[in-house]
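Colleague: I would like to go through this model with you, question by question. Please show it first.

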Amino acid sequence: MRIDHIKEKSGISSPRSVAGWKTARGIIPLDRPLVAGILNVTPDSFSDGGRYLDPAAALAHAGALLAQGADLLDIGAESTRPGRPQPVPEEEEWRRLAPVLEAVVGEFPDTPISVDTVKSGTARRALGAGAHIINDVSGLRADGQLAAVCAGSGAGLILMHSRGSVTDMATYEHAIYHDVVAEVSAELSQAVAAARRGGVAPECLVLDPGLGFSKEPAHNYTVLNRLEKIVALGFPVMVGPSRKRFLTLATDRPVADRDPATAAACVAAYCRGAMLFRVHNAGLAREALAVAHAIGMG
Ligand code: HH2
């Protein structure tokens, strides 16, 4: 089978050796691919900006994502879309996030909730309001206190690879690599070391190579093709290809029509060892991954 071929090629005997992910909601079993539905509470996100700023619309969308089969929700209130001159201030981020988080936690108490933020203050408030996981797209580079905040509440922590600041990390400004996979892997290892110094238990960590972040389109394909190198670091791996521009290298579709390409990228990543998939269209990814899982591709 293809996965045996991959294992043989990479010399990695067990690409998925991690059985569960420890979060403030207990251990999430990783015995099948998990879908994280994206809930952007932003005016400016690249694919769905402005659609769920209203808490009632956000809550309805959360319900729709879960009905489609999302296993967890990732709520973000600061877009990394290029072109913003300034980061979103913490007060504004929290003003957007608080009513939605409160409503989602109240309505879906059994669902693991992740909050996408690079700020320790926002993370502290979010975990206090019932979030279970922090998703840091800066991989602990933006705020030295974030790890300690997560450690203090036993939260799960997603460490995503990027370079630069929130205003330019989704550009090609820092996309200069000699060996993109080796460098992403080394920089993620530095993020793990920072998390451990901050007191975060290794069982709480998930790594994400940051598709579309500080990477030219072709870099993302290389990272996906050689994802076992990131999996070999020994942590569960998340990928977030959803609707991103790099997909147009293979299939030239506008952002609204990139869900099939997203599902294909998720399946490919699953075959290379990823276990968590951050997507806008939870239903499509869920189905594609369920078939790949049933075949035994992972
Ligand atoms: N991508 C985005 C935001 N957060 N988190 C993780 N772990 N992995 C990702 O690939 C990732 C992420 C960007 O996507 P989106 O939230 O749709 O856009 P925007 O930043 O414009 O809100």
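Modeller: Asp116 sits in strand β5, residues 113-116. Strands (E, at least two residues) and helices (H or I, at least four) are DSSP runs, numbered from the N terminus. This is a predicted model, where local features need pLDDT of at least 70, side-chain atom pairs count only at pLDDT 80 or more, and totals for chains, interfaces and linings use all residues. Residues are numbered from 1 along each chain as its sequence is written, and side-chain values use heavy atoms, leaving out hydrogens and water.

Colleague: Is Asp116 buried or exposed?

Modeller: Buried means under 20% relative accessible area, exposed over 50%, and partly exposed in between (1.4 Å probe, protein chains only). The relative accessible area of Asp116 is 10%, so Asp116 is buried.

Colleague: Which side chains make polar contacts with the side chain of Asp116?

Modeller: A polar contact is a pair of N or O atoms within 3.5 Å; within protein, one must be able to donate a hydrogen and the other to accept it, and residues adjacent in sequence count only if both atoms are side-chain atoms. One partner, at 3.4 Å, is Asn135. Another, also at 3.4 Å, is Arg278.

Colleague: Which residues does Ser242 contact, leaving aside neighbours within four places in sequence?

Modeller: Ser242 lies in the loop between β9 (238-239) and α9. Its relative accessibility is 2%, so Ser242 is buried. Contact means heavy atoms within 4.5 Å. By that rule, the partners of Ser242 are Ile38, Phe46, Thr262, Arg278, Val279 and His280.

Colleague: Which side chain is joined to that of Ser242 by a polar contact?

Modeller: The contact spans 2.7 Å. The partner of Ser242 is His280.

**Helix packing**

Colleague: At what angle do α9 and α10 pack?

Modeller: Two packed helices are described by the angle between their axes and the distance between the axes. Axes are lines fitted to C-alpha atoms, for helices over the stretch in contact, and angles run from 0 to 180 degrees between N-to-C directions. Helix α9 covers residues 259-271 and helix α10 covers residues 282-295, with axes 9 Å apart. The angle between α9 and α10 is about 35°.

Colleague: How many residues of the contact of α9 with α10 are nonpolar?

Modeller: From α9 the contact includes Ala263 and Val267; from α10 it includes Ala288 and Leu289. Ala, Val, Leu, Ile, Met, Phe, Trp, Tyr, Cys and Pro count as nonpolar, Asp, Glu, Lys and Arg as charged, and the others, Gly among them, as polar. One residue is polar and one is charged, while the nonpolar number 10.

**Cysteines and loops**

Colleague: What is the phi of Ser214?

Modeller: Ser214 is in the loop between β8 (205-208) and α7 (217-225). At 0% relative accessibility, Ser214 is buried. Ser214 is not a glycine, yet its phi is positive, at about 55°.

Colleague: What is the phi of Arg243?

Modeller: Arg243 belongs to the loop between β9 and α9. Its relative accessible area is 13%, so Arg243 is buried. Arg243 is not a glycine either, and its positive phi is about 60°.
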